[in-house]
Amino acid sequence: MGAQWKAKGKELAANAKGKLFGRLAKDIMIAARNGADPASNARLRLVVEQARKVSMPKETLERAIKKGAGLTGDVVHYEHVIYEGFAPHRVPVMVECLTDNLNRTAPEMRVLFRKGQLGTSGSVSWDFDHVGMIEAEPTAAGADPELAAIEAGAQDFEPGDEDGTTMFLTDASDLDIVSRALPAQGFTVLSAKLGYKAKNPVDPASLSAADLEEVEAFLAAIDANDDVQNVFAGLGG
């Protein structure tokens with residue numbers, strides 16, 4: 001969770017399917033502003049590949065591309081905004097939002113952060129690195145993530161969110177290059193995005209079970225907001 005916080009449990013994951021499609025559609029629309037052809041738009045290509053891997057309906061995907069590229073006549077105005085602060089027990093949090101109405105999102109974030117502490121710009125981001133995050137799985141048994149990281153140009157790697165997967169960490173500018181290089185090193189890319197990784201994550205063992213549950217509940221409430229794209233928490237393990 002030092003890289004990205006995600007809701008746990010099969011039921012939560014199943015309920016989040018529609019929300020995932022909604023978030024990906026926003027990412028696709030934003031990326032498509034720079035062109036509707038994934039072949040010449042690296043950012044769009046990465047998001048489209050991710051959408052296909054989670055079985056986003058083709059019609060939904062194509063509609064998002066056309067809308068973002070301005071081919072439908074609809075004007076899309078999503079603003080990217082980061083909220084920084086602390087979850088309960090001083091766990092640092094970066095919340096990435098895409099919103100079409102800051103006058104709605106800002107007060108909602110203030111309410112959600114009442115159980116923690118909402119900070120000003122820069123108050124928490126100094127303790128995070130802005131990195132590329134590539135979750136991948138081996139195409140065959142025995143694939144060596146360390147060798148793959150070196151050969152593909154990743155800066156580091158760690159176990160992924162799902163069993164058997166690896167999270168490759170890159171410089172923010174190298175996300176697309178490393179994503180393209182990993183298949184030749186025996187790894188299939190499941191997702192690739194820019195994100196925030198805590199430099200000094202809080203050790204969960206330092207929190208009581210009740211405290212940890214309080215942090216999880218706070219993060220789940222933030223994540224459930226419709227304008228939230230990603231939640232990055234400085235919580236190790």
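## The sheet with strands E4 and E7

Strand E4 (residues 128–138) runs antiparallel to E7, and 11 bridges join the two; one of these bridges has Gly 132 with Leu 194 of E7 as its partner. The model is predicted, so local features need pLDDT of at least 70 and side-chain atom pairs count only at pLDDT 80 or more, whereas totals for chains, interfaces and linings use all residues. Residues are numbered from 1 along each chain as its sequence is written, and side-chain values use heavy atoms, with hydrogens and water left out. Helices (H or I, at least four residues) and strands (E, at least two) are DSSP runs numbered from the N terminus, and two strands pair if DSSP finds at least two bridges between them.

E4 and E7 belong to an open sheet of 4 strands, in the order E5-E6-E4-E7, with antiparallel pairing. Strand E5 (156–159) and strand E7 (187–198) are at the edges and have a single partner strand each, so one side of each lacks a neighbour in the sheet. From one strand to the next, the twist averages 30°. Helix H6 (residues 145–152) packs on this sheet, where it touches E5, strand E6 (166–171) and E7, and its direction makes about 25° with that of E6. Contact here means heavy atoms within 4.5 Å, while axes are lines fitted to C-alpha atoms, for helices over the stretch in contact, with angles from 0 to 180 degrees between N-to-C directions.

## The sheet with strands E2 and E8

Another open sheet of 4 strands has the order E3-E1-E2-E8, and its pairing is antiparallel. Its edges are strand E3 (117–118) and strand E8 (228–233); each has a single partner strand, so one side of each is left without a neighbour in the sheet. Strand E2 (residues 91–99) pairs with E8 in the antiparallel sense over 5 bridges, and among the bridge partners are Cys 97 and Val 228, the latter in E8.

Helix H2 (residues 17–31) lies across E2 and E8 and runs at about 105° to E8. Helix H8 (residues 209–223) also packs on the sheet, touching strand E1 (79–87), E2 and E8, and its direction makes about 155° with that of E8.

The structure holds 3 aromatic pairs, where rings of Phe, Tyr and Trp (its six-membered ring) pair if their centres lie within 6.5 Å, and planes under 30 degrees apart count as stacked, over 60 as edge-to-face and the rest as tilted. In one of them, Phe 113 and Phe 218 have ring centres 5.4 Å apart and planes at 75°, so the pair is edge-to-face. This pair links distant parts of the chain, 105 residues apart, with Phe 113 in the loop between helix H5 (102–112) and E3 and Phe 218 in helix H8. Phe 113 counts as buried at 2% relative accessibility, and Phe 218 counts as buried at 5%; buried means under 20% relative accessible area, exposed over 50% and partly exposed in between (1.4 Å probe, protein chains only).

Phe 168 and Phe 187 form an edge-to-face pair, 5.3 Å centre to centre with 80° between the planes. Phe 168 lies in strand E6 and Phe 187 in strand E7, so the pair ties together parts that are 19 residues apart in sequence, and both residues are buried.

## The buried side of helix H5

The buried residues of H5 are Thr 105, Ala 106 and Met 109. They cover an arc of only 95° around the axis, which puts them on the same side of H5; the arc is that of the directions from the helix axis to the C-beta atoms. What covers these buried residues includes E1, E2 and E8.
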